[in-house]
Amino acid sequence: MKVGFIGLGHMGAAMAANLVKAGHEVTVFNRSPEKRRALLALGAHEADSVAAACHGEVAITMLADDAAVAAVVLAEHGMVASLAAGAIHLSMSTISVALSKQLAAAHARNGQRLVAAPVFGRPAAAAAGQLFIVTAGDPAAIEACAPLLHAMGQKAIPIGTEPAAANLVKLTGNFVTAAAIEAMGEAVALIDKAGIDRRAYIDLLTATVFNAAPYTTYGPLIAQGTFEPAAFAAPLAYKDVRLALAAAEALRVPMPLGSLLHDRLLRLLVGGGEHLDWAALGGLATQDAGGARL
C-alpha cells in the first residue's frame, strides 16, 4: 500500500520500519529530519511537509499528545486539507476522546475516513511487530488497513464503529496498568522494609498468580529500581491518566483511584521524574518509607 507515516519517535520509527520491511511504499515525515535517516536507508521515501506525506491511500500519525496531533491534522496545510476524498487517517496516537471526535468530524466533512488504532506495547514490541492494536471506525476502512495493522502488530482488536471508542479503551488500559504499577510499588516497599528480598518477591508474584504483562514488565523494574532509560516517559503516563479522568468527568463516572494516580504521577514529575519511565511511579512508596530516592 502507499502510506504516509508522521511521527518517528521510539514507537513510530519502529512501526514505520516494519511497514517498509513488509513491502509497503512508505513516505515518512518528522519535525526533526535526523529521525528520518534510518528509515530512508531501509527504503522509505522522505516528505518535507505533512502535506507531502498525505498522497497515499492511508496516512498514519504516531505522535505524543493532543497538541501535536491537532497541529498535524487540523492546521491550514495539515492532513484534513491534504488527504484525498476517501483516504484514511489511521490515528495510532494515544489522544483524548474529545480530540478523536473532533478529528472524525473534520475528516467526514472532507469525505475522508478516520480509523483510531492506538497500541499497547513498549518500543521493543513495536520493533518486533508484536503490538496489540485496538481499532474503531468504519469496518470497511479498518479492513482496508488490515495489511498495515498486520505488519505492525501481533493482533488487531476491533472495539466499535466510533473512532473515539478505541481512544477511550487505550486510556483506560493505561489507567489499569498505572494502578498495577502503584500497587506493586506499595507492596514492594512493605516487604522491603520487613527485610524480604524485593527481587525474590517479584519473581514469586510473576511466576504464579500475577504473570500478566503489567506485572512481568514493570515488577522487575520496580524491584531493581531501574527507571532509565524511559521506554514510556512519566509525563506521558500523567497525560493519559489526566485524559481518562477528563473522559470520566464528561460521562459523570467517579474514578477515585484515577484521582490518586493523577496525584502520584504529579508528585513524581514535580520531584524531578520527568525523564524517568512511568515504572518510577512504583518507586515512590519505597521513597515514602525512607528508602532510596529515585
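## Report on a predicted model: helices, cores and selected residues

Arg293 is exposed, its relative accessible area being 63%. This residue belongs to the segment that follows helix H14 (284–288). Along the chain, Arg293 and Gly225 are 68 residues apart, and 9.7 Å separates their C-alpha atoms. The model described here is a predicted one.

Helix H1 covers residues 10–21. Its 12 residues reach 17 Å from the first C-alpha to the last, which is close to the 16 Å expected at 1.5 Å a residue. The helix is mostly covered, with 9 of its 12 residues buried. These buried positions are Met11, Gly12, Ala14, Met15, Ala16, Ala17, Asn18, Leu19 and Val20. After H1 comes Gly23, with a positive phi near 95°.

The largest nonpolar core of the model contains 33 residues. Within this core, the residues with the most contacts are Phe5, Met15, Ile60, Leu90, Met92 and Met152. At least two core residues come from each of strand S1 (2–6), H1, strand S2 (25–29), strand S4 (58–61), strand S5 (88–91), strand S8 (131–136), helix H7 (139–144) and helix H8 (146–152). The most is given by H1, which supplies 7 residues.

Which residues does Phe5 touch, not counting residues up to four places away in sequence? They are Gly12, Met15, Ala16, Leu19, Val26, Thr27, Val28, Phe29, Ile60, Met62 and Met152. Apart from this core lies another, of 30 residues, among them Met184, Ala237, Leu261 and Ala280.

Helix H5 has 13 residues and reaches 19 Å from its first C-alpha to its last, close to the 18 Å expected at 1.5 Å a residue. Val97, Leu99, Ser100, Leu103, Ala106 and His107 are buried in H5. The cover over the buried residues of H5 includes H3, helix H4 (79–82), S5, strand S6 (113–116), helix H9 (163–193) and H12. H5 is followed by Gly111, whose positive phi is near 75°.

Two packed helices are described by the angle between their axes and the distance between the axes. Helix H3 (residues 66–73) and helix H5 (residues 97–109) pack at an angle of about 10°, and their axes are 11 Å apart. Angles under 35 degrees count as roughly parallel, and H3 and H5 are therefore roughly parallel to each other. On the H3 side, the contact is made by Asp66, Val69, Ala70 and Val73, and on the H5 side by Leu99, Leu103 and His107. Sorted by class, the contact of H3 with H5 has 5 nonpolar, 1 polar and 1 charged residues.

### Backbone features in two loops

Most residues other than glycine have a negative phi, and most peptide bonds are trans. Arg252 has a positive phi of about 60° although it is not a glycine. This residue lies in the loop between H12 and helix H13 (256–270), and at 76% relative accessibility Arg252 counts as exposed. A cis peptide bond joins Glu228 and Pro229, with omega about -5°. Pro229 lies in the loop between helix H11 (213–224) and helix H12 (234–251).

Thr135 is found in strand S8. Which residues are in contact with Thr135, leaving aside its neighbours within four places in sequence? The list comprises Ala116, Ala117, Ile142, Leu149, Ala156, Ile157, Pro158, Ile159, Gly160 and Ala166.

Not counting residues up to four places away in sequence, Ala237 touches Phe232, Leu265 and Trp278. Ala237 and Lys193 are 44 residues apart in sequence and 27 Å apart in space, C-alpha to C-alpha.

The table sets out relative accessibility for the residues discussed individually.

| Residue | Relative accessible area | Class |
|---|---|---|
| Arg293 | 63% | exposed |
| Arg252 | 76% | exposed |
| Thr135 | 1% | buried |
| Ala237 | 1% | buried |

Buried means under 20% relative accessible area and exposed over 50%. Thr135, at 1%, is therefore buried, and Ala237, also at 1%, counts as buried.

Key: Residues are numbered from 1 along each chain as its sequence is written. This is a predicted model: local features need pLDDT of at least 70, side-chain atom pairs count only at pLDDT 80 or more; totals for chains, interfaces and linings use all residues. Side-chain values use heavy atoms; hydrogens and water are left out. Helices (H or I, at least four residues) and strands (E, at least two) are DSSP runs, numbered from the N terminus. The expected span of a helix is 1.5 Å times one less than its number of residues. Buried means under 20% relative accessible area, exposed over 50%, partly exposed in between (1.4 Å probe, protein chains only). Axes are lines fitted to C-alpha atoms, for helices over the stretch in contact, and angles run from 0 to 180 degrees between N-to-C directions. Angles under 35 degrees count as roughly parallel, over 145 as roughly antiparallel, 65 to 115 as roughly perpendicular and the rest as oblique. Contact means heavy atoms within 4.5 Å. Ala, Val, Leu, Ile, Met, Phe, Trp, Tyr, Cys and Pro count as nonpolar, Asp, Glu, Lys and Arg as charged, and the others, Gly among them, as polar. A nonpolar core is a set of buried Ala, Val, Leu, Ile, Met, Phe, Trp, Tyr and Cys residues joined through side-chain atoms within 4.5 Å.
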